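Hi everyone, thanks for making time this morning. Let me put the sequence and the structure up on the screen, and then we can walk through them together.

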Amino acid sequence: MKIIYHGHSAVQIITGDKSLIIDPFLSGNPLAVTKPEDIKVDAVLLTHAHGDHILDAAPIAKANQAPVVANVELAAYMSWKGVETIGMNIGGTLDLGFVKAKMVQAIHTSGIVDEETKTVIYGGVAAGYILRVEGKTILHTGDTALFSDMKLLGDRENIDVVLLPIGDHFTMGPEDALKAAEWYRAKLVIPVHYNSFPVIKQDADQFVSQLEARGINGKVLAPGEAIEL
Ligand code: NI
Ligand code: MN
């Protein structure tokens with residue numbers, strides 16, 4: 001399989017002739033090198049309702065006739081944008097055929113701020129996904145703070161790759177992400193959710209050096225860069 005980092009929290013997984021993307025945020029990300037119209041996928045998974053995670057979800061889902069997978073409230077909201085949706089909730093596993101996606105806890109918010117009507121729409125709660133693909137386990141944590149049940153997942157799930165936010169301000173920063181990496185016990189840690197905006201600027205190379213000093217494998221991916229697994 002191939003894991004492509006599209007910048008921010010946007011991650012695409014390709015297995016055989018099937019593919020999915022998590023949290024597509026390309027058109028609004030100055031660092032992105034891929035256009036939404038170039039994304040070919042069979043499913044779009046959303047961790048939560050914030051704009052920097054859902055911005056390109058509807059156009060990509062429509063162009064590919066692919067379902068949007070999200071918590072039930074966000075799924076309802078996305079369905080009003082004319083896309084097919086699959087609503088689920090934390091603890092549940094969805095079998096998409098080429099991947100099994102389990103929705104897991106994140107500590108974050110998930111509202112939609114509607115500037116026009118000055119209302120905040122309830123977008124369910126934030127989550128992450130444990131993905132089982134080709135016998136491997138990939139965890140996309142979504143936006144999250146550090147929480148001790150990360151250790152539970154690390155003990156239970158044999159995680160091959162974890163995508164961890166390090167940007168700080170909206171999510172955990174590098175220090176907490178180092179602790180998360182220890183708890184998840186993943187074979188490889190890929191930092192995400194940094195440098196897209198000035199407020200989340202971080203030194204990802206330094207983060208990876210700090211991981212390696214603790215005996216944990218880390219890899220910085222530039223937007224558009226991929227790894228084979
Ligand atoms: Ni967020
Ligand atoms: Mn975010």
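Let's start at the metals: how far apart are the manganese ion (ligand 2) and the nickel ion (ligand 1), and which residue coordinates both? Keep in mind as we go that what you see is a predicted model. The two ions sit 3.1 Å from one another, and the residue coordinating both is Asp143.

Stay with the manganese ion (ligand 2) for a moment. Its protein donors are Asp52 through OD, His53 through NE2, Asp143 through OD and His193 through NE2, and they lie 2.1 to 2.2 Å from the ion. If you want to find them in the sequence, look for the spacing D-H-x89-D-x49-H. Now take His53 and Asp143, a pair that links distant parts of the chain. His53 belongs to helix H1 (residues 51-54), while Asp143 is in the loop between strand E12 (136-140) and helix H4 (150-156), and 90 residues separate the two.

Let's zoom out to the whole chain. You can count six helices and 15 strands in it. The radius of gyration is 16 Å, close to the 17 Å that the globule rule gives for 229 residues, so the chain is as compact as a globular protein of that length.

What about the inside? Of the 229 residues, 54% count as buried. Taking contacts between residues at least 6 apart in sequence, 59% join residues at least 24 apart.

One last stop, Val162, which you will find in strand E13 (residues 161-165). Which residues does Val162 touch, leaving out those up to four places away in sequence? Its contacts are Leu139, Thr141, Tyr184, Ala186, Leu188, Val189 and Ile190. Val162 counts as buried, at 0% relative accessibility. Finally, Val192 is 30 residues from Val162 along the chain, and their C-alpha atoms are separated by 9.9 Å.

That's my tour, and I'm happy to take questions.

How values were computed:
Residues are numbered from 1 along each chain as its sequence is written. Chains are lettered from A and ligands numbered from 1 in the order in which they are written. This is a predicted model: local features need pLDDT of at least 70, side-chain atom pairs count only at pLDDT 80 or more; totals for chains, interfaces and linings use all residues. Side-chain values use heavy atoms; hydrogens and water are left out. Donors are N, O and S atoms within 2.8 Å of the metal (3.2 Å for Na, K and Ca); water is not among the atoms, so sites may look incomplete. Helices (H or I, at least four residues) and strands (E, at least two) are DSSP runs, numbered from the N terminus. The radius of gyration is taken over C-alpha atoms; the globule rule is 2.2 Å times the number of residues to the power 0.38. Buried means under 20% relative accessible area, exposed over 50%, partly exposed in between (1.4 Å probe, protein chains only). Contact means heavy atoms within 4.5 Å.
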